[in-house]
Every structure is written in structure tokens, then in C-alpha cells.
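These are my notebook entries on one protein model, written while I had the sequence and coordinates open side by side. I went through confidence, helices, surface, charged pairs and backbone angles in turn.

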Amino acid sequence: MAIQTRAMPGPFSGLSVKIIATLIVVILAVEVVIYLPSAANFRQSWLTDRLRVGTVAARVLDAVPDAMDLPRTLTDRLLTSAGAIAIVYRREGQSQLIELENAQTPREAVTVDMRLDDPASPILGALDTLFFGSNRTLRIVGEEDGQPDRTIEVLMPEAPLRAELLVYSRNLFVLSLILAIITSAVLYVLVARILIAPIRRLTGNLVEFSGQPENAALIVTPTARRDEIGIMERELAAMESDIYSMLRQRRHLADLGLAVAKINHDLRNTLTSAQLLSDQVANLDDPKVQRLAPRLVQSIDKAIGFAQSVLDYGRQSATPPRPMPVDLHLLLDEAAFDAGLVGHPGIRWSNGVPDSVTISADPDQFARIFDNLLKNAREALEAAGARIEAPYVEVTFTETPEWLTLSVSDNGPGLPPRARENLFVAFEGSAKAGGTGLGLAIARELTEAHGGKLAFVDQPAGTRFDVTLPHSIRIA
Ligand SMILES: Nc1ncnc2c1ncn2[C@@H]1O[C@H](COP(=O)(O)OP(=O)(O)OP(=O)(O)O)[C@@H](O)[C@H]1O
Ligand SMILES: [Mg+2]
């Protein structure tokens with residue numbers, strides 16, 4: 001999947017194809033808008049031409065006293081040369097008509113009045129001719145040059161006009177297409193050089209770099225462009241080198257952490273041997289040894305504890321939880337036992353989780369969350385000693401349709417300021433002698449690994465931490 005989303009676009013889905021297709025469509029749309037008036041214009045001048053020929057013929061008619069006397073062959077030739085079936089000439093209430101001898105006039109006739117002057121009717125007329133003009137008669141009406149009382153009518157078939165209009169349209173279409181292709185090709189070359197090539201370079205680099213972010217040779221080299229692409233190149237270069245150094249730093253830290261873990265491991269083993277020795281030393285009868293030995297044993301225990309918790313922290317963050325059904329009440333009692341609360345001489349422990357609650361969780365990791373919280377509470381109460389009346393630690397359980405909340409609270413002295421400032425920060429949050437400052441950091445990490453949240457709830461007295469878990473982890 002990851003490889004698929006990282007691949008560059010294919011030849012038909014890239015930016016360039018989209019741009020060229022859009023250009024051609026836009027140019028053709030513009031051509032259509034231009035085509036309509038020019039087709040109307042073509043038709044208009046065609047009609048004017050015919051009317052002019054008609055006028056010439058009418059003048060000839062006018063010159064002879066009686067048109068009917070003219071020889072038939074002459075009138076027929078006059079009409080054929082004008083492409084007309086008949087010509088009517090009206091003036092001063094009289095009208096003269098000449099027509100072809102055996103003209104076959106189509107039944108349907110349309111009148112085009114050339115005396116009218118509005119912009120829309122030539123366009124509509126051109127469309128009308130194109131779509132319906134194959135078998136109609138045209139009646140072209142016009143006036144003799146600037147003399148409104150003299151009108152000329154030319155009757156002729158519409159088919160020749162339509163044929164010429166079709167040829168004209170076809171030529172115009174071919175020309176437009178050639179123009180569209182040439183224009184879009186030129187624009188495309190420009191866009192490709194200015195936009196697409198640099199974008200492809202950046203995209204390619206991004207894909208390659210995200211595949212190997214630890215390869216410094218893949219960091220993009222910005223050009224000197226001052227436009228948006230130039231900014232993009234420089235920002236990308238900066239971002240890639242940031243990622244590169246962050247990864248390097250992380251790798252160094254990981255290496256360092258591994259080394260610390262190894263040293264720590266050996267240190268713990270050495271300390272364990274020292275612990276065995278000191279135990280034996282503590283058994284010697286010498287009163288001086290008897291006085292010093294407990295302190296020696298105590299310091300070595302503390303050192304071992306420290307080494308152990310650092311090791312645990314390293315190990316803990318590495319493994320994801322392995323969930324299984326867990327009885328929550330039982331798990332909390334066990335955690336309280338490990339934290340030294342069960343059977344404690346001074347502190348009352350109360351487990352408020354109902355008996356029947358079973359959740360799906362990693363039992364070891366889940367116990368560690370509460371082990372840490374409960375141990376902190378016990379340590380705080382023990383440190384406060386007699387200052388606290390009737391010390392207790394309790395866990396309460398609340399449930400909403402979305403969440404399960406386990407609140408761990410005690411009536412101890414509350415969080416010291418130093419702990420508040422670095423709450424949940426590993427190695428920083430400890431505010432007590434011998435504390436590592438890992439307990440809360442580990443507890444939060446493990447809660448989040450189970451999809452939950454660990455939060456400190458500020459209260460007037462004592463300390464309270466809430467472990468909130470998604471309701472979906474409850475099985476029963
Ligand atoms: N219930 C509590 N009451 C008072 N102070 C608390 C309580 N829980 C935590 N703290 C304070 O928060 C600090 C941080 O706790 P955290 O568990 O992270 O580290 P730690 O207990 O000092 O060391 P570690 O748990 O690694 O042995 C503690 O040092 C303590 O001062
Ligand atoms: Mg702790």
C-alpha cells in the first residue's frame with residue numbers, strides 16, 4: 001500500500017494531462033462563442049448579395065414598359081444567374097413579378113426581412129438555416145438603396161445557402177481545432193517548463209527522500225527562483241535537512257541508550273554480588289560492622305533499584321501490550337500487594353472496583369500502571385508519617401457509556417511543586433530522595449498504549465490520579 005501511494009502519477013493522471021485537456025476545452029468553448037456571430041455574419045452577407053442581384057434585375061424590369069413583353073429566355077437567365085425562383089419589385093403601389101417558367105417551389109417558406117436591424121435575429125436565423133433549411137423557400141425582402149417606398153423580394157431555395165453555411169462552419173471548425181491545438185501546445189510547453197517540470201522534480205525528490213530519509217544526498221538543492229516554487233524548494237530543503245538531523249540525533253540517542261542499558265545491566269549484576277557480600281558482612285559479630293552494615297545494605301539496595309527501573313523503562317517502551325481478559329478487582333489487589341499496601345501496618349487500603357469487571361488488557365503492563373501509582377501514594381504517606389491522620393489509599397471505579405475511570409487517591413501531603421512542574425517527564429519528575437522519576441512516566445506511557453489517558457486531578461487535599469480507559473476494553 002505504502003509503495004502505491006508513494007508512486008509518481010502515471011502518464012494519464014498527472015498534472016500535465018489535466019492542464020492540456022482544460023486548455024483545449026476552454027479554447028474550444030471560446031471558439032464556439034466566436035463562431036455564432038461569424039456564421040450569422042456569413043449568412044447576412046450572402047443574403048445581401050442575393051438581394052443586390054435581385055435589385056439589378058428589378059432595375060432591368062423597371063426599364064422596360066411591360067415586363068410581360070420580355071422574352072421568356074431572358075427573364076429565365078436573369079433569374080437563374082441570381083439563383084432565384086422569382087423576383088417581385090414594388091414601387092408606388094405597383095408591383096412587377098418575374099418567375100422561372102416551371103419552377104418547383106418547396107411548400108414551406110421563410111421570410112428574411114433585411115430592413116430589420118437587431119443583433120439576435122441573424123444568429124437565430126443562421127442556426128435555423130443550419131438545422132431546418134434543407135428544403136424551404138427563402139423570401140428575402142429588402143428596399144432599393146435608401147428608398148423605403150421601393151421594395152424588392154427575392155424568392156429562392158434555402159438549400160444552397162445551407163450548403164455554403166455548412167462548408168463555412170466546417171472550415172471554421174477545422175481552423176479552430178488547429179488553433180486550439182497550436183495554442184494549447186504553446187501554453188503547455190510554457191506551463192511545463194515553468195511549473196510542471198519543477199513540481200515533478202520536487203515530487204520525485206519528496207517520494208525518494210521519504211523512502212530514505214537518512215540519506216543526506218537526497219536532500220533537494222533549491223534553485224535561485226524567487227517565485228512560489230522557489231520558496232517551496234527552499235522550505236522543502238530546510239525541512240528535509242531538519243528531518244535528516246533529527247533522525248541522526250535519534251539514532252545517536254538510541255545507540256547511547258543501548259550502551260547505557262548494557263552498562264546498567266552489568267552494574268546491576270555487580271551490585272547484586274556486592275549485595276550478597278554485604279549481607280554476609282552484616283552477619284559478622286564486630287559491633288562496628290553491625291553499626292555500618294545496615295547503611296551499606298540500604299545504599300546497595302537503592303542502587304540496584306535504580307539500575308532495575310532504568311532497565312525496565314528501556315524494556316517497557318519497546319513492547320506493545322498483549323491483551324487478554326483481566327479481572328480488574330483482582331489485578332488492583334495484586335498491584336496493591338506489590339506496592340506494599342496490603343497488610344500495611346499504618347495505611348488503610350480500599351479497592352473500590354466491583355468484583356465483576358473484566359477488561360481486555362496486558363496484565364503485566366496494566367499492573368505496573370497501578371503498582372507505580374500506589375507505590376507513590378504509599379511512599380508519600382510514609383514520608384509524611386504522623387502528620388497525616390488515618391492515612392489511606394483508595395481506588396474508585398466510575399463508568400460512562402464511553403469511558404471507564406479508575407481514580408487512585410490518598411490523603412497524603414499532595415504533589416510537591418517540583419513534581420508538578422515535571423509531571424510525567426522521565427527522570428525529571430522525582431521530588432524525593434532516591435526517586436528515579438520514572439514511575440509516572442511509565443504509568444502514562446502504559447495507559448496510552450491501552451488507548452487511555454492518565455491525568456493528575458488537582459484537589460484541595462491529598463493526591464488523585466485518574467486512569468481513563470475507553471469503554472470498549474471492558475468485556476464483562
Ligand atoms: N500520591 C502522591 N503523593 C505525593 N507526591 C506524589 C504522589 N505521586 C507522585 N508524587 C510525586 O511525584 C514525583 C514523581 O513520581 P514518579 O513515580 O514519577 O517518580 P518517583 O516515585 O520519584 O521515582 P520512581 O517511581 O521512578 O521510583 C515523586 O517523586 C513524588 O514527589
Ligand atoms: Mg514512583
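The entries below follow the order in which I looked things up.

**Conventions.** I am working with a predicted model, in which local features need pLDDT of at least 70 and side-chain atom pairs count only at pLDDT 80 or more, while totals for chains, interfaces and linings use all residues. Residues are numbered from 1 along each chain as its sequence is written, chains are lettered from A and ligands numbered from 1 in the order in which they are written, and side-chain values use heavy atoms, with hydrogens and water left out.

**Confidence.** I began with pLDDT, the predictor's confidence in each residue, from 0 to 100; the protein averages 87, and 94% of the residues score at least 70. The mean is lowest in helix α1 (residues 2-6), at 47, and highest in strand β9 (residues 392-399), at 97. Here helices (H or I, at least four residues) and strands (E, at least two) are DSSP runs, numbered from the N terminus.

**Helix α6.** I compared the end-to-end distance of this helix with its expected span, which is 1.5 Å times one less than its number of residues. The 55 residues of α6 (residues 228-282) should span 81 Å, and the end C-alpha atoms lie 76 Å apart, which agrees. I then listed the buried residues, where buried means under 20% relative accessible area, exposed over 50% and partly exposed in between (1.4 Å probe, protein chains only); in α6 they include Leu236, Tyr244, Asn264, Arg268 and Leu271.

**Helix α9.** At the start of α9, a side-chain oxygen of Asp362 comes to within 3.2 Å of the backbone nitrogen of Asp364, and just after the helix Gly385 takes a positive phi of about 60°.

**Nonpolar patch.** I looked for patches, made of residues with over 30% relative accessible area and no salt bridge, with like charges joined within 9 Å and nonpolar side chains (Val, Leu, Ile, Met, Phe, Trp, Tyr) within 5 Å. A nonpolar surface patch of about 940 Å² has Phe173, Val174, Leu187, Leu190 and Leu195 among its members, the areas coming from the Shrake-Rupley method with a 1.4 Å probe. Leu195 belongs to helix α5 (residues 159-211) and is partly exposed, with a relative accessible area of 36%.

**Salt bridges.** Taking a salt bridge as a side-chain nitrogen of Lys or Arg within 4 Å of a carboxyl oxygen of Asp or Glu, I find 17 in the whole structure.

- Asp49 pairs with Arg52, with the closest N and O atoms 3.9 Å apart. The two are separated by about one helical turn because they stand three residues apart in helix α2 (residues 15-63). Asp49 is partly exposed at 41% relative accessible area, whereas Arg52 is exposed at 52%.
- Arg90 pairs with Glu153 at 2.8 Å between the closest N and O atoms. This pair links distant parts of the chain, Arg90 in strand β1 (residues 86-91) and Glu153 in strand β5 (residues 147-157), 63 residues apart. Arg90 counts as partly exposed at 36%, while Glu153 is buried at 7%.
- Arg150 pairs with Glu144, the closest N and O atoms being 3.8 Å apart, and both residues are buried. Salt bridges that share partners join Arg59, Glu144 and Arg150 into one network.

**Asp113.** This residue lies in strand β3 (residues 109-113) and is partly exposed, with 26% relative accessible area. Its C-alpha atom is separated by 4.8 Å from that of Val141, which is 28 residues away along the chain.

**Positive phi without glycine.** Which way does phi point at Phe424, positive or negative? Phe424 has a positive phi of about 70° although it is not a glycine, and I found Phe427 likewise with a positive phi of about 70°. Phe424 is in the loop between α10 (417-421) and α11 (439-449), and the place of Phe427 is also in the loop between α10 and α11. Phe424 counts as buried at 15% relative accessibility, whereas Phe427 counts as partly exposed at 43%.

Conventions. Polar contact = N/O pair within 3.5 Å; in protein donor to acceptor, adjacent residues only side chain to side chain.
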